[in-house]
Each structure stands twice: as structure tokens, then as C-alpha cells.
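Q: I have a structure open and want to learn how to read its features. Can we go through them one by one?

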Amino acid sequence: MIALPLLLPLGFAILNVLAWKSPRAQRVLTLVGAALQTGAAFWLLGRVRAEGILHLPIGNWPAPFGIVLTADLFSAIMLAVSAVVGLAAALYSQGGMDERRVRYGYYPLFFFLLTGVNGAFLAGDLFNLYVWFEVMLMASFVLIALGGERPQVEGAIKYVILNLLASTLFLSAVGLLYNLCGTLNLADLARRIPALEAGGEVTLIAVLFLVAFGIKSAIFPLFFWLPASYHTPPVTITALFSGLLTKVGVYALYRVFTLLFASDAAYLPTLLLVLAGFTMTTGVLGAAAQMDFRRLLSFHIVSQIGYLLMGLGLFSPAALAAGIYFMVHVILAKTALFFVAGIVRQTEGSYNLKELGSLYARRPGLALLFLLPALSLAGLPPLSGFFAKLALVLAGFDLRSYAIVGVGLGVSLLTLYSMTKVWNEVFWKERKEAGAAPLRPVSAWMWAATLGLAAVSVAAGLLAGPLLDLSAQAAAQLADPSLYIQAVLGGAP
Amino acid sequence: MKRSILLATAARYLMPLMLIFSVFLLLRGHNEIGGGFVGGLVAASALMLYGIAISPAALRTLLPVEPRLLVGLGLLAALTSGLLPVLTGRPFLTGLWLKTPLPVIGKVGTPLLFDTGVYFVVVGVVMWILLSLAEEEAK
């Protein structure tokens, strides 16, 4: 029953709607639901690993006529990581979400968002991918504006408009592709597109997909909505978005460009690599100029997307594997960093780096919690970021793509600079009005969630060997579309 | 605001008719034009007409339950219709039908349950939005 990771959050969203009047019941439901979802995602990962690519014909209508859900290793890995992030965010929300937003439906929306994310990972045809994207976006539109504070509304407008534009482009591309091939089932498309006579249409559609998913995953030069909006909602929501939303865009890029347009891809690797280089660089340079904790981290999201794109652009199985492992690493590390920023805000009442300080002396534990994911993001051994970048660099050397490797390493140094800056400003330097404000208490839930996620992030570094093996298996499935086609459509070529 | 007597009188007669028509559309669905979504919209516009012609407060007292409860129950019904075939070992959302058609209603199966769920979700969402806006304005 591979629909389980999809049905569980949907079911719990409904239960949360029914329990609207009782925030306490919603809290319990949310914890139970997020835990069950995590269990289901890992169970699915185990099954896909043992049995290969799984698929489920919805309503018992066979592919390519009916709707199918498909889970290959890449989907299963993504489901598992986002379930972990979802569970951490559910814990963090217990302390980090104010009563008013809970009353206006935070928890149901949280689960609708997870439903959309999981649906996108499992979708076996392009139209359903679009639908799940929309489910996810609808929930995120409300989440980003929930509470209705002035900067939030401003951020939400930018977010909504740019994402609607991306959805329109996505839908146009889907329409054109249907016109060309008469099917939208991914496996069926993968079989038909290479057989088409080489023409401009396929290239046009591929580029439309690149732009649509590029906006959604915030690659250069389409990223500007992200730092303009991500810092406005409460940090729990930002952390959830940073862990999941852009990554679904990247997932879609990986899926579409390995499965559908791989044969048409003569121009693609170069294009993707150029974009990857610019995404990394602009993101990290943008971050260098920021003095707001959350804005700084938002720019780093963009920068890290560049590395994910580099994995896709290099296009060898080793590079794809490195990209998948990088995705796991960055989702965990980034969400943990946003959690830390939220705790800093809770104790000190500010996100402004200039106002903060002296936290190393006052909260040594928090300093350590920041340091682990921050150094991981910068790529210091033995943390997960180091292995992720090493794998990418090695893959780049294999293909003699020295330019992008150089850019990647340079950006890595700048990331370290940026993290050092945060360290200096928030934890090391004397606070201006030293000790004036007493530390405010932080909910144990927030500590537990941050600690747990940082521990998982460290574990992802310590278990780099097995995880990279798993990513290599996932990449092998991506690199050979015939496996996917055969799993969904059966033996018929 | 002054209410139109004509509209209010007409609405009292039109609303039940439209509600019956919406149920007809719901049952007619699946193989013919109609279904839960269209039926729900017709029902919602019937209730909306009542709310505009008489008053949002009157509409609120007319509804037996909170709109969001309708949304929740509707979604639950749709989800259940998908899960029933799973209990019999078939894939999610497979249509299960009763062998003998019932009088008036016709063929009954899980798709009808799904459509009913959609019907209530549509009615619930429209009422939720409408009453929130109308009551905000009345404040």
C-alpha cells in the first residue's frame, strides 16, 4: 500500500479540521500523525529497497490509462527525509506556534502541506504532479499569510504571484506535452519522447519545465521571491518551507530531466551547470550582506539549491547519487539551522545579528546546536555536508568539469565565512546592553525538536557510507529509465 | 440595508427547489452530467441566495452544523470511499458497486459516497467563506 505516506497526512488533516475547536486535541493528533507518517515513509523505503520500483494503479485502472502512484528509491528517500522534517516541525510547533495561529487552522494546513509534498513525490504522471504541487502551494499560501501581520502579507503577495506564474508555465508545458504525445503518464512519456522526431517542440517543453520548476526551486535568476518572503512567517513555518518546498521543485527537476528529457539533453548539462554556478554564487553573496538571521539563512537556501542543480547538471550516476545525498544533508541541516534561529529569537527577542551577542557564554548548549548544522552546511568533516560536497567534487573531476567544481569549492568557503559571521555576531561578541535582558524560557518541545534534528543531521554524516550507497542505488534507477518504464507498464517495450 | 421583499419571498420558494435539484444532480452524476461538485455548487448557491435575500444570520441558524464540520465530514466520506476497497484487498479508490440498484437512487457504490463527500466539501467551503465575509462586514 504505497499510498500510505499520502493518506496518513490527509487523514490527519481531516481529523484536525474536525477537532477545530480543541487546540489540545489537535496537538496530540499532530504528534501522532507525524510519527505515523514517519513510520510509513521508512516502511516504504524498506520495501522499495527490497522489491524495486513499486507502483499502485489508483482505482484499479491500469497504466497508462489510469492514474498511478509510483515509488522508486529516489521518491522513497525524499518521503523519508521529509517525514523526518515533518515530525521535527510537529514537535517544534508545540512550543513555537502561537495560540492564535493554531486557532486559525495551523495544524490542518500543516498536514495538507505534507499531503501535497508526499503526493508530489509519489505522483506517477505529470498532471497529478501538477495537482499535488497545487495542493502544497494552496496550503503554503495560507501558512505564509496566516496571522496577517503586515510584512507577512507583503511577503505572501510576492510568494503567491511568482508561484502562480510558475504553475501556469508548468500547466502550459503539460498541455503542450499532452498535445505532442497523447499521454501524461511518466513511464509512457519516457517511452514515447525518445521516439519522437527531433524537433523544437521537445526542447521548448523541456525549457518550460526548467523555468517552471526553476521558479519553484528558486534557482538563478528566478530565486528573488524566496529571500523576499521566507523570513516573514513564524520560524516554524519558514523551517518547514525551507526543508520541503524548494526541494519538491528540485525533485521534479531531477525526475523530469532524468526520465523524460535525458535523450534530448545535449544542451542541458551545460545550461544546468551554468545556472548551478550562478545560483550558488548569488545565493552566498546575497547572504553575506544580510544582518537578519532568517534572511541570511534564506539566501543560503538558494545557494545550496545550486549544489543540487550541479548534481543534475553533471548527469553521471555518481553525480546524481551525490545530488541525492546532498539533498538529504541540506534538508536536515537547513531546517535545524532555522530551528536554532527560532530558539535564539525566543530567548533574546530578536533576529537582528547586530542586537544579538554573548550567547556562547549564556547558552553554550545552543551554541553547539548551531555549530553542528552550520559547519555541516559549510562542509567540514566529519559532518554530512563534507561527504556530500566531496562526492559532488569527485563526480565533477571524473567528468573534467573543473569550472563548476572550482565554483562549488569557492562557494563552500564563502558559506563557512557566512556561518562564522553568524557565530561571531550571535554567540561570540559582547552583547551591546550586556545582560540587560534576562533570558526568556524556551519550550522543551523546541529544544527536543532541534536537538533531535541536529542529531539526525550528524547521524547522516556518520552514516555517510551506507547513505551514499543508497543514493547510488537511487541514482542507478534514475539513470536507467527503462527500469521505471518496465515497473509501471510491465514487460511490454 | 433595506431588503427587497420580492427577492426574500422568491428566495424562500426557490431555495428548497434548488436544493432538491442539487440532490438530483448529485445522484445523476458518474455516468451522466452532474456529480458531487456541480450538485454542491447548486446547493451552495441556493443557500447563498437565502443568505443574501434574508440575512447571513438567518442562514447561520438554518445550517444545522458549522460549515467546517461539513468540510471535515465531506473529506472523511471521500477518503472512506477510497479506503473501503482497500479493506477488500483492491487498490485505493477502486469502485465497489451494490449488485441490485435501489429504487429512485439507482446504482449505489463507493463512487456515490465519494461524490457525496465532494458535495459536502463544496457546500461547506462556500458557506465557510461566505459566512466569514458576511459576518466580518456585519461587525
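Predicted model: local features only at pLDDT ≥ 70, side-chain atom pairs only at ≥ 80, totals over all residues.

Q: What box do the C-alpha atoms of chain B fill?
A: Taken along the principal axes, the box is roughly 60 × 30 × 20 Å.

Q: Now chain A. Into which domains is chain A divided?
A: Domain 1 covers 1–264, and domain 2 covers 267–462. These bounds come from an automatic or database domain assignment. The C-alpha centres of the two domains of chain A lie 23 Å apart. The contact draws 47 residues from domain 1 of chain A and 42 residues from domain 2 of chain A.

Q: How do I read a buried area, and what is buried between domain 1 and domain 2 of chain A?
A: Buried area is the accessible area that two parts lose on being put together, summed over both. Here domain 1 and domain 2 of chain A bury about 3900 Å² between them. Carbon and sulfur atoms carry 82% of that area.

Q: Which residues in domain 1 of chain A lose the most area to domain 2?
A: They are A:Tyr92, A:Phe220 and A:Tyr254. Together they account for 19% of what the domain 1 side buries.

Q: What polar contacts and salt bridges are counted between these two domains of chain A?
A: The count of salt bridges between domain 1 and domain 2 of chain A is zero. Six residue pairs are in polar contact, with both residues at pLDDT 80 or more.

Q: Let us turn to the chain interface. How many residues does the contact take from chain B and from chain A?
A: The contact takes 14 residues from chain B and 15 residues from chain A. Chain B and chain A bury about 1300 Å² between them, with 84% of it on carbon and sulfur atoms.

Q: Which helix of chain B gives the most to the side that touches chain A?
A: Helix α4 (residues 67–87) of chain B gives the most, with nine residues. The chain B side divides into 11 nonpolar, two polar and one charged.

Q: How do I read an aromatic pair?
A: Use the distance of the ring centres and the angle of the planes. Over all chains, the count comes to 36 aromatic pairs. One of them joins A:Phe74 and A:Tyr251, at 5.1 Å centre to centre and 35 degrees between the planes. That pair is tilted. A:Phe74 sits in helix α3 of chain A and A:Tyr251 in helix α11 of chain A, 177 residues apart.

Q: And salt bridges?
A: Side chains of opposite charge can pair when their charged atoms come close. The structure holds 14 salt bridges over all chains. Among them, A:Arg101 and A:Glu149 meet at 3.1 Å, N to O. A:Arg101 is in helix α4 (residues 99–103) of chain A. A:Glu149 is in the loop between α6 (126–145) and α7 (150–181) of chain A, and the two residues are 48 residues apart.

How values were computed:
Residues numbered from 1 in each chain as written. Chains lettered and ligands numbered in written order. Heavy atoms only, no water. Contact = heavy atoms within 4.5 Å. Buried area = accessible area lost by both parts, 1.4 Å probe. Salt bridge = Lys/Arg side-chain N within 4 Å of Asp/Glu carboxyl O. Polar contact = N/O pair within 3.5 Å; in protein donor to acceptor, adjacent residues only side chain to side chain. Helix = DSSP H or I, 4+ residues; strand = E, 2+ residues; numbered from the N terminus. Nonpolar A, V, L, I, M, F, W, Y, C, P; charged D, E, K, R; others polar. Phe/Tyr/Trp six-rings, centres within 6.5 Å; stacked < 30°, edge-to-face > 60°.
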